[in-house]
Amino acid sequence: MQIDIKKEDRTVTIKPLGNIDYVTAPALDETIEKEAPMAESMVLDMSEVKYISSAGLRSVLNADELMEGKGGLRLVNVNNEVRSIFDMTNFTEMLNIE
Amino acid sequence: MTDVHDDLYREAFKRNEIRANQLAATALVAWALIGIVWIAINSFSSVYMESHRVDLLVTSIFAKMAVAGVFFAIPDKGAPWIRYLLLATTIGCTYVLTAYISNLLLIGYILPVLVSTLYCDKRMIIVTAALCSVLMLVSLIVYNEDNPMIGMYYGMTKLDVIISLIQVHYVPASGVYFTGVAIAYFALVKNIEQIQEYVDIGSDMKMYERDLSLASEIQHDMLPGGFPDMENCRMAASMKAAKTVGGDFYDCFRMDDGRIVTVMADVSGKGMPASLFMVKAMTLIRSNVKSSKDLSDAMEKANDQLFENNRMKYFVTVWISAVDPRTGTVEYVNAGHNPPFRISRGNVSKVTSKPDFVFGRKKNMVFHTRSLELEDGDRMFMFTDGVTEAVGPDGSMFGEERLEKALSESETRSPEEVLTYVSEKMGEFVKDMPQSDDITMMVMDYSAPDPTAIRVKADKEGHGRMMEHLSKTLSEMECPPSVTSSLEVACSEIFSNIDMYAYKDMDTKGDVEFDIAMSDDHITITFTDWGVPFDPLGHEDPDPVDNFRKHRKGGLGIMMVKKIADCVTYERDGERNILKITKEI
């Protein structure tokens, strides 16, 4: 899966270009782990993500924990389906979703 | 090895004992009858025999009849004491005859010696011969007391008489006697050797039979017991060897690319050598074809490998096919084998092609791959020439016409029933004639796969294909996008579970079958896998989200599936896990 990375000031924006499931999640994990140490805050742009499975949730949670104490993690452009997945799993409360 | 040998040895000698006893007893009876006849003749002739002699004769006749009678009456005719009774009677009667009735019968002592040879016992013959040679002298002397052949003359002592008896009568008689003993002994030794030889041959044969039936079991185990589970291809096969081990074989396995391979083969020759070659051929074909992408290439490699070390110049005719169960495309190679029949829409036709040369006989051969397309409901009947060349009582062969007729008549039956039906028709034709060649048959029924179902490997590539198939099918069914999306999540979850756990302990990843069905108000998706029994509904995680956050434990995926789907059911059916989810639309 292709992943777009944009760095501005000390904020990194990561945009996965496809669905996040157990096949594609490892690539996303790698990217997040690479970018997290140097970033002050992280943005996950979910505009191209049509659905996310439990593997994807793991990746998001991982990112959230890595950015804790710093500027944190923000999720943007979350569509309805992905949002309902977050609702279903109570991630909505924990995450910073715009 | 030795216990088979010893058993046979003991058995052989036990049987000999009984037979020997019977002969000895019969000899006694015959001898008694001769005595009776002699008395009868004597009473009508003018030759006078003293009454005490006649009495002795009658007594000995009675004794012989009595002993023989006892023998024929008792059940265990092999009892160890019988031989001694019979022999003692024979010796005793000989003594009576020579000591009291007529010394001319001195050489009659050879009779007990002959009887003793029946027992195949060297010791017995030696003891009997020695005893009889002594008795011969004793009876000579005793007889001479009453009927002087050499009388006492003036100045002769008893000793002188005995010495002249020995010189005149005993020496010549014993010359003949001992010659007879020597011949009898020699014959005995030869007889014993012969029995031993027969026992050796017998035990070798018994062992060979045992080995042969073991080999037959091993060979039987080699043939595929079941067939790869495919919903739309049903198969059955049978092999009946002419001898205990055969040279025909069939095989069926899955290639790495998912195609089903069928092999039908016939090795030149029968029995043990052909079956050993068969094992080699079968193994080489399987190993080369399974992982190959090109049937011709695989067969050419296998051919060269089989050719190596084939000094005996055996060969095998092969008809091999690779069937794609998703499309019905069949690629096949014919290496000198009789072509199979195809039954399509009621028509029975031969799948003819220009055959390539037989397999394993020449190096660097070329094998051509041809193809055909199976239609929904088609049947393939593969066989070896043992079927068509089965010979009937009038010398004619079963032939292709009768086979075609049988296939046509059994068109609507199941693959197993077809095998039974053809076997029955063959049985009716050959009647009692012996089977001269191995008879092997394989049936494959093809039905076009369900378009809403697909079968993929339980890996990431399979996941991609499944997701594609899912979104395509759902859009064809005009499923609302939100439902589609959540079903996609659920299916991805379920598939990832199967990928990660179902085939964990197996060498190769198995498959997942994925089927979508839609009715008026709901969609049902079914996952089937052939992995370890796993009921995802079995372990309820009380707080999967929390567990997930705190301990990264699984269970989150299943919780999601349960929330997305309206109904989730799990079933274990034989070797399969079947998971169904239903969603209302």
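In chain B of this predicted model, residues 24 or more positions apart account for 71% of the contacts (heavy atoms within 4.5 Å) that have a separation of 6 or more. The secondary structure of chain B comes to 15 helices and 15 strands, taken as DSSP runs numbered from the N terminus, with H or I over at least four residues for helices and E over at least two for strands. Buried residues, those under 20% relative accessible area with a 1.4 Å probe and protein chains only, make up 47% of the 585 residues of chain B. Residues are numbered from 1 along each chain as its sequence is written, while chains are lettered from A in the order in which they are written. Local features need pLDDT of at least 70, side-chain atom pairs count only at pLDDT 80 or more, totals for chains, interfaces and linings use all residues, and side-chain values use heavy atoms, with hydrogens and water left out.

Five strands of chain B form an open sheet in the order β11-β12-β13-β15-β14, with antiparallel pairing, where two strands pair if DSSP finds at least two bridges between them. Strands β11 (453-457) and β14 (567-573) of chain B stand at the edges with a single partner strand each, so one side of each is left without a neighbour in the sheet. From one strand to the next, the twist averages 15°. Between β14(B) and β15 (residues 576-584) of chain B, which run antiparallel, there are seven bridges, and the bridge partner of E571(B) in β15(B) is I578(B).

Helix α13(B) packs on this sheet, touching β11, β12 (511-518), β13 (522-529) and β15 of chain B, and its direction makes about 10° with that of β13(B).

The buried residues of α15(B) include L556(B), M559(B) and I564(B).

Note on methods: Axes are lines fitted to C-alpha atoms, for helices over the stretch in contact, and angles run from 0 to 180 degrees between N-to-C directions. Buried means under 20% relative accessible area, exposed over 50%, partly exposed in between (1.4 Å probe, protein chains only).
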